Amino acid sequence: MKARIIVIDDDAVACEFLHEVLQRDGYDVSSFTSAPAALKQNLADYDLLMSDIRMPGMDGLQLLSEIQRAWPNLPVILMTAYGSLETTMEAIRLGAWDYISKPFSPEDCRALVKKVLEVRELRKHRSSEPLEAAEEAKLIGSSPVMVEFYKQIARVADSQASVLIEGESGTGKELTARSLHSMSSRRQKPFVVVHCGAIPDNLLESELFGYEKGSFTGADHQHVGLIESAGGGTIFLDEITEMSTALQSKLLRFMQDGEVRRIGGHDVRHVAVRVVAAANKNIDEEVAAGRFRLDLLYRFIVRLLIPPLRERRSDVPLLIETMLKKLGYPDVRVSPEAMETLMGYDWPGNVRELENVLQQTLLLSPFVVILPENLPDRFRTRAAVRVQADLPAWTPLEEAEREQIVQALKKTDWNQSRAAEILGIDRKTLRTKIRRYGLQEEK
Ligand SMILES: Nc1ncnc2c1ncn2[C@@H]1O[C@H](COP(=O)(O)OP(=O)(O)OP(=O)(O)O)[C@@H](O)[C@H]1O
Ligand SMILES: [Mg+2]
């Protein structure tokens, strides 16, 4: 039996595209350009529903709730060009089976449909406990890699599983840890941050586990450790690779049995705390070098890897827009050329570096429009702007411009007014550029 798939997208072209891709794969497809039209069908006859999120009238999330009510067993895949942590969370919370960001390739779509139809048989029970959206902590970005990352966060947020977050410096590890906490049912409980790299090891031990009065010189009163004080909530161990291996084994013992004994104390206390840790060093290399205990690594059930900014350059404009608002400059714009420069940069310091560049630029050149010459020095040398690794073909701007002009002139048989019109520039500018590039009509 052919699997039956129903497709809903208010964009008729996108709808038709998906219809054809799936039909070619041998599915029985019906498509609709509005949610109410689809709801008139007997959805019990279908094996899978794929819907756009943003649609006039009834949107994809409303449709999803409707389906959850009437056909709770129908798998739903939501699609959107506006991926964010909130919509992803909302979609997954409402019971969407999966979520794909547009634009996607036929291959991505095929793989996803196949996977969902396969796990359909395996899926029996789903948790329906609602989660409130995060208040303060917000990860920004709607690139496919970030949406994938949100899905992982959404799936592990409310479990007890300890999580190790890996990523280069400034990629948002702490923000991710906060999101994990605020998206979990522990959100009313403490979120305690420990910067392992910033505290000397012996002090770190007494900070984490606490001590009894008189347990060492200077311990003139009893001290509750950070683990205990995070009770019921989350303890975030930042830069966990900076912990000595001796302290790592103490942590390991705690993670195994959930018990804490204060230094110099006899009582053992049971503490329910979720452990989230971050590392900006390559943890496998640290293990290989004997600096990180393998058994401790295995206590982390989930490992989340945050992609560096250069692997999600399409998030740069959205990050900038949000940061400008946050910094109190909602009306400042970035010129297309400056944006191009920023998107082409490699961002070794990731999102934090981007934040820093914006702050510096606004401070030194407080203009309404940010131009390339307003950016810090390192953006002005050509070498600093590395080739965009995630774009298949990259042509230097001038070359691209020259090519566009040649095409426009050819198309119009060298009618300069019409060519200028096509290119959206005036005739004088076109003439200057023709001269600059030394273009001549081929006879
Ligand atoms: N995806 C994101 N969306 C919005 N802001 C972000 C994002 N990622 C990082 N930031 C911002 O960038 C800065 C650095 O983030 P964060 O401190 O979470 O990074 P980190 O990975 O812990 O860095 P480090 O390795 O240096 O400790 C923060 O101001 C944070 O708000
Ligand atoms: Mg950090």
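User: Into which domains is the protein divided?

Analyst: The protein is divided into domain 1 (4–122), domain 2 (144–305), domain 3 (310–384) and domain 4 (397–436); these bounds come from an automatic or database domain assignment. The centres of domain 2 and domain 4, taken over C-alpha atoms, are separated by 60 Å. This is a predicted model, in which local features need pLDDT of at least 70 and side-chain atom pairs count only at pLDDT 80 or more, while totals for chains, interfaces and linings use all residues. Residues are numbered from 1 along each chain as its sequence is written, and chains are lettered from A and ligands numbered from 1 in the order in which they are written.

User: Which residues of the largest nonpolar core touch the most other members?

Analyst: A nonpolar core is a set of buried Ala, Val, Leu, Ile, Met, Phe, Trp, Tyr and Cys residues joined through C-beta atoms within 7 Å. Buried means that 20 or more other C-beta atoms, placed from the backbone, lie within 10 Å of the residue's own. Here the largest core has 72 residues, and Val76, Ile77, Leu78, Ala96, Ile227, Ile235 and Ala277 touch the most other members.

User: Why does this core lie between domain 1 and domain 2?

Analyst: Domain 1 (4–122) and domain 2 (144–305) both give residues to this core, so it lies between them. Another core, apart from it, has 14 residues, including Val316 and Ile370.

User: How many residues surround ligand 1?

Analyst: A residue is near a molecule if its C-beta atom, placed from the backbone, lies within 6 Å of it. Around ligand 1 there are 16 residues, with Ile140, Gly172, Lys173, Glu174 and Val351 the closest.

Conventions:
A residue is buried if 20 or more other C-beta atoms lie within 10 Å of its own, exposed if 12 or fewer, and partly exposed in between; C-beta atoms are placed from the backbone.
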